[in-house]
Every structure is written in structure tokens, then in C-alpha cells.
Amino acid sequence: MGNYISAMAKSGDVICYVIDSTGIAARAERIHRTSSTVTAALGRLLTAASLMGGRLKGERDSLTIQLKGNGPAGSFLAVAESTGDVRGYVQNPVVELPLNQHGKLDVAGVVGKEGYLHIVRDFGFGEPYIGNTPIVSGEIAEDITHYYVTSEQIPTVCALGVLVNTDLTVLKAGGFLLQLLPGAGEDIIEKLEANVNAMPPITQILSEGKSPDDIAGMLLDGFEYDIMERHTTEYRCDCSRERVERALITLGADDLAEMAKEQPVTKVECHFCPKIYRFNADELRGLIDRAQDDTAK
Ligand code: ZN
């Protein structure tokens, strides 16, 4: 089964990626204790990052989206692996706004309608690919579409949705990317537009019990297609004590000595997951030695 699939038209000029990201958005809400509107915003961004991460080819490739708008939630960060596994962070998790004029959670209000989307594709070696595009609406799906069209010149339709329960937990989340590959003609574009326009919101489709396979079938209605990939993606943080140690060492010997003096145990919290790493004075001194070795090199 799996909650993530990609499917390509047999003609080779259309591809879609579809995810049921309910588990991912729910885990993010439990970790970050977000207000309902921020849950929707972070859930949409994580959904987009997972979809985009799944497009990467290399095993070590990763993708980072920083969404920096002028809204009260501050900046959002999502990091996806090429497996589609994803983790995220938001600067101000508990800001809340009234519903917007459509009676929906005001995602654009908490994100902000001005700012930029900063996307880094890291290939595990060499220079990463960096794309910067301005925020166009703050609703995130349109901003991702705009990124693909202007920065990567790939005609794209993106839909993202998160439904939040009244108890603030996540009911449903999901999304898709539909992309044209070189050679797609006008007739294909018209057919796809008709398919997309006929679709209800993605969270409604998922609430009716439909799967990513069903959604791919709706997007590619009238096309013969193959399922390219099908797997499970989840919210996953890859932090470790070793990584935290390396980060502390980069602070330098002086700062570490200061920390060792200030309190008997220094706590370092991961931004992306609930893990807390503790270092006592002896352990910090070990890191100070390593920091000094680094500067001596
Ligand atoms: Zn972590």
C-alpha cells in the first residue's frame, strides 16, 4: 500500500505525485503543539516538501523549503529526504487568527502575503541547487506552483490541504503535484485542466475514504498510465547525539567553556522532534578539547 505514489501517463508527458499526509501533519501537530491555523500551514508545507522530496533521484538527496513571510507565525522550515520522509519547524507555533472570508483557516494570514520561498536541493556532494521565489499568496500551494513555473520552468498544478478537528488534532491532510513534461501538447493541457477543475478539495476526497491511487486516477482520467512508485512516507527526524556534538563544537571552545560554567547540565533541544540531549561539564570539556583540536588544524 503506502501513502505516497507517483504515476506517469504512458505517453510520457504527464506525471503526478500524490500523498495522504495525514500521519505527517498529525505528528507535526503533536510535536509542535501548533494552533489550528499554524497546524494547517505547517501541514501544507510538510506535504509539499514530502511530494517534492519524492521527486529527487539520488538516495542522499534532500530538499529544504524555507517559507519566510511577513505573517505572525514567522518563518517555516521543512526538510525532506528523497524517500519523502519529512520534518519541520515553525518559529511561532501558537499564533491564531479569525477564519478568512471563505470561512476557512487563514493560512495566508499566519504565513504572510509578502516574503519569499527559499528552496535548496542538496545532492549530498558539490554545490546545492538554490531557488528563490517571492510569495504570491501565502496559501502555500500557489507559492509552490509559482516556484516550479518560474524557477524550474516546469508547468505545475499543486494542491495541498489540511483539515483540523475542533480539538486541534489533524483529521485529514494530503496533496498532489501534477506536472507537464517536455512535449505535452495543448490537447493534453486542456484534458488535465478539466480533470483538475472537476475535483473536489483533496481533504474532502480523502475524507470520503479515497486513496492516493484513486486521486491519481482522477488526475489522469482519460489517460493510460503506469504507477511509477508507491511507498510509505512519514514525519521523521534524523537527529543524533553525534550531530548535536558536532553542532556544539562549531560554537567554539570559549562558548562551550561558558556553558560548562553556567550550569551543571546543558540541555540541547532538537528543533524538529521532542528529543533533548544533555551534556554534563565533563562531556562539555571533551567537546572543548575537540573544538581546540579543530582550530589548531
Ligand atoms: Zn530531532
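This text walks through the structure from its overall form to a few single residues.

The model is predicted, so local features need pLDDT of at least 70 and side-chain atom pairs count only at pLDDT 80 or more, while totals for chains, interfaces and linings use all residues. Residues are numbered from 1 along each chain as its sequence is written, and side-chain values use heavy atoms, with hydrogens and water left out.

Start with the whole protein. It has 10 helices and 12 strands. Both are DSSP runs numbered from the N terminus: helices are H or I with at least four residues, strands are E with at least two. Along its principal axes the C-alpha trace spans about 70 × 45 × 35 Å. A compact globule of 297 residues would have a radius of gyration near 19 Å; the protein has 21 Å, which agrees. That radius is taken over C-alpha atoms, and the globule rule is 2.2 Å times the number of residues to the power 0.38.

Next, the inside and the surface. Of the 297 residues, 50% count as buried. Buried means under 20% relative accessible area, exposed over 50%, and partly exposed in between, with a 1.4 Å probe and protein chains only. The accessible surface comes to about 14400 Å², and 51% of it belongs to carbon and sulfur atoms. Areas come from the Shrake-Rupley method with a 1.4 Å probe; for residues, only the protein chains shown count as cover.

Now look at helix α2, residues 36–53. Its 18 residues reach 25 Å from first C-alpha to last, close to the 26 Å expected at 1.5 Å a residue. The expected span is 1.5 Å times one less than the number of residues. In α2, 18 of the 18 residues are buried, so the helix is largely enclosed by the rest of the structure.

Move on to the zinc ion. C237, C239, C270 and C273 coordinate it through their SG atoms, at 2.3 Å. Donors are N, O and S atoms within 2.8 Å of the metal (3.2 Å for Na, K and Ca); water is not among the atoms, so sites may look incomplete. Along the chain the spacing is C-x1-C-x30-C-x2-C. C237 and C239 are both buried.

Finally, two backbone details. Most residues other than glycine have a negative phi. I140 has a positive phi of about 80°. I140 lies in the loop between β7 (129–134) and α4 (141–151), and is buried, with a relative accessible area of 1%. Q153 has a positive phi of about 55°. Q153 sits in the loop between α4 and β8 (156–164), and is exposed at 57% relative accessible area.
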